[in-house]
Amino acid sequence: MANTYTDYKNAKYNITTNSKGDITSSQFFELDTGDNEDNPTATPATLPVNPDGSTTVQVGTIAENNAANDADSTSGDQVTYDPGFANGSQTLTLNSLYHDGQNTGFVDATLQSPGGGTETLVMQQTPYHTDNGQIMFIPNQTDNVVANGQVATSEQNGNAYAYVTDTNYTTSNDVPSTITATSNGNSFTPATSAADVPADATTQDPACFTTGTPILTPRGDVAVEDLRVGDEVVTASGAHRRIRWIGQRHMRCDNLPAHLRSSVTPVCISAHAIAPGVPARDIRLSPGHAVALTVDGADVLVPVSVLVNGATVTQPECRVAHYWHVELDSHDVLMSAGLRSESFIDVGNRHTFAIGAEGLDPERTPATLADYALPFHDNGAVVVALRAQLAARAQELGWHLAEADCGLHLMVDGQRVDPVIAGGLTHFSFPATARRVSLHSTTFRPGLLGHDGHGDPRDLGVQVHGAWMAGATLGLDHPLLAGVFHPNEARDGCAWRWTTGMGTLPSGLWAGKAGRVTLSLDVTHTTHTGWHLPHEDRRNVA
């Protein structure tokens, strides 16, 4: 029987600390299961199973945590927060990850601090539940703390269990030190690493406009954030229709694992990408937002993500996206600077939007394809034809395919370090005292180069066949290199790894070294084929 998992949809949990670093209230607790959290490369521990199928485990209580913290303070150790994190109320947000429309059992967990710090991990649902919580497993993974849009700290964590509960426990009402959780009957094997998550698994995200997108109304273009329920908009057919509901949502894009960013990062349709004046200016939409285009004389809707070509339809890096959508009484096509795109249609994703001041969220039965204003296509011959049309239009605008160097380099404590090529290897030398080191290059997406859009959808940096630090061999599966590579090749047993274009190198790789150290890489694919626009052709065609 197939496993059935809890659907976490922006589920929020509280963790509050005081100025001493003591926890004052929490809904998230580590479990003492004899796990291998201090050795994340070891085999994951298993939960004990009682005769009735339940499990009984020890919980790290608030009192125990604070006692350990007080002991550290007494010994002279000072409370040190990660960059962007400080005392106060932190929010842990859980969203289930889906693959081909099915809940994978993995959960995207994002911890947000009032100080602007963000930490994102992947967790795995176990079968074990109490009346008010669930036991989760945290697989081995690179744990990046992001502050001010930059990776501030990076370390390998995981192989641990945690208890997430709906009850907000406090110092005066602490979590029980022992809990017994019943099984829902799901089969369960702890993931060996976060790479076990399907590469294209995503949180379910609605189609929406970004802040500043103009929407045509009877009084002219109005920025989407300035619209109100009851206002009229002008549809592609020329009809005037009233807005029934407006939703909005902030999305962090830069703190997600590389293989998840494309599911939430806005897609930009450049001015004149479709035809002269269509659109009249750059328009940014969420990846799932459908635009209306004409192919073989028929109007169709296609998600903008399948049109990304790296030239006139792109997905540039974005730190934060503020998404909006506009719902009418039925699905229709709105106008934005000459671009036709859909109004909101609830396919079971309304929960992802905040409720505005206009009133209660108007719940509806989730729509089906029969409710769409135009035929919907996200693959097949229609998408192939549209991608070919966009490629031809890009060439009219001066774009052409060419090769360029990837610009492989290190950033060492804020300073760029370029490589030295010798002996068939790429070498980077830097001080052993360096604290923040990351590997950078441009990326290319193989799926952008063909008309079918079915090539590799990942943003690939360079292909690495070997790595050495200070002359010592680093296996490509070294846990401290996990943040540099895409997980797919490790999972498939390949003898090479693709970099992500920006990956942190933890200082543990050169711990104990003195003077200068050298990172050596055996790399290929250091030139990338992609669309290029000569400077003299950077013009608008109207």
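This report looks at cavities, aromatic pairs and salt bridges in a predicted model.

**Empty space inside**

Let's start with the gaps. Rolling a probe the size of a water molecule over the atoms shows where empty space is left. Here the count comes to 4 cavities of 30 Å³ or more. The largest cavity has a volume of about 60 Å³. What lines it? You can find Leu439, Val464, Ala467, Leu481, Val484, Phe485, Leu505, Leu519 and Leu521 around the largest cavity. Two elements, strand E32 (463–469) and strand E36 (516–524), each give two or more residues to that lining. Sorted by class, the lining has 9 nonpolar residues, with no polar and no charged ones.

**Rings that pair up**

Next come the aromatic rings, which form 6 pairs in this structure. Take Trp245 and Phe344: their ring centres are 5.3 Å apart and their planes sit at 55°, so this pair is tilted. Trp245 belongs to strand E17 (residues 245–252), while Phe344 is in the loop between strand E25 (339–342) and helix H3 (381–396). That puts the two 99 residues apart, so to speak, linking distant parts of the chain. Both Trp245 and Phe344 are buried.

Tyr372 and Phe376 make another tilted pair, with centres 5.3 Å apart and planes at 50°. Are these two buried or exposed? Tyr372 counts as buried because its relative accessibility is 17%, under the 20% cut-off. Phe376 has 27%, so it counts as partly exposed.

**Charged partners**

The structure also holds 12 salt bridges.

| Salt bridge | N to O distance | Relative accessible area |
|---|---|---|
| Arg244 and Asp329 | 3.6 Å | Arg244 30%, Asp329 55% |
| Arg416 and Asp418 | 2.8 Å | Arg416 48%, Asp418 46% |
| Asp477 and Arg497 | 2.6 Å | Asp477 55%, Arg497 5% |

The bridge between Arg244 and Asp329 links distant parts of the chain, 85 residues apart. Arg244 is in the loop between strand E16 (240–242) and E17, and Asp329 is in the loop between strand E23 (320–327) and strand E24 (333–336).

Asp477 is exposed, whereas Arg497 is buried.

How values were computed: Residues are numbered from 1 along each chain as its sequence is written. This is a predicted model: local features need pLDDT of at least 70, side-chain atom pairs count only at pLDDT 80 or more; totals for chains, interfaces and linings use all residues. Side-chain values use heavy atoms; hydrogens and water are left out. On a 1 Å grid over the protein atoms alone, a cavity is a set of points where a 1.4 Å probe fits but cannot get out, and a pocket is an open set with protein on both sides within 12 Å along at least five of seven lines; lining residues have an atom within 4 Å of a point. Grid points are joined across faces, edges and corners, and a volume is the space filled by probe spheres set on the points. Helices (H or I, at least four residues) and strands (E, at least two) are DSSP runs, numbered from the N terminus. Ala, Val, Leu, Ile, Met, Phe, Trp, Tyr, Cys and Pro count as nonpolar, Asp, Glu, Lys and Arg as charged, and the others, Gly among them, as polar. Rings of Phe, Tyr and Trp (its six-membered ring) pair if their centres lie within 6.5 Å; planes under 30 degrees apart count as stacked, over 60 as edge-to-face and the rest as tilted. Buried means under 20% relative accessible area, exposed over 50%, partly exposed in between (1.4 Å probe, protein chains only). A salt bridge is a side-chain nitrogen of Lys or Arg within 4 Å of a carboxyl oxygen of Asp or Glu.
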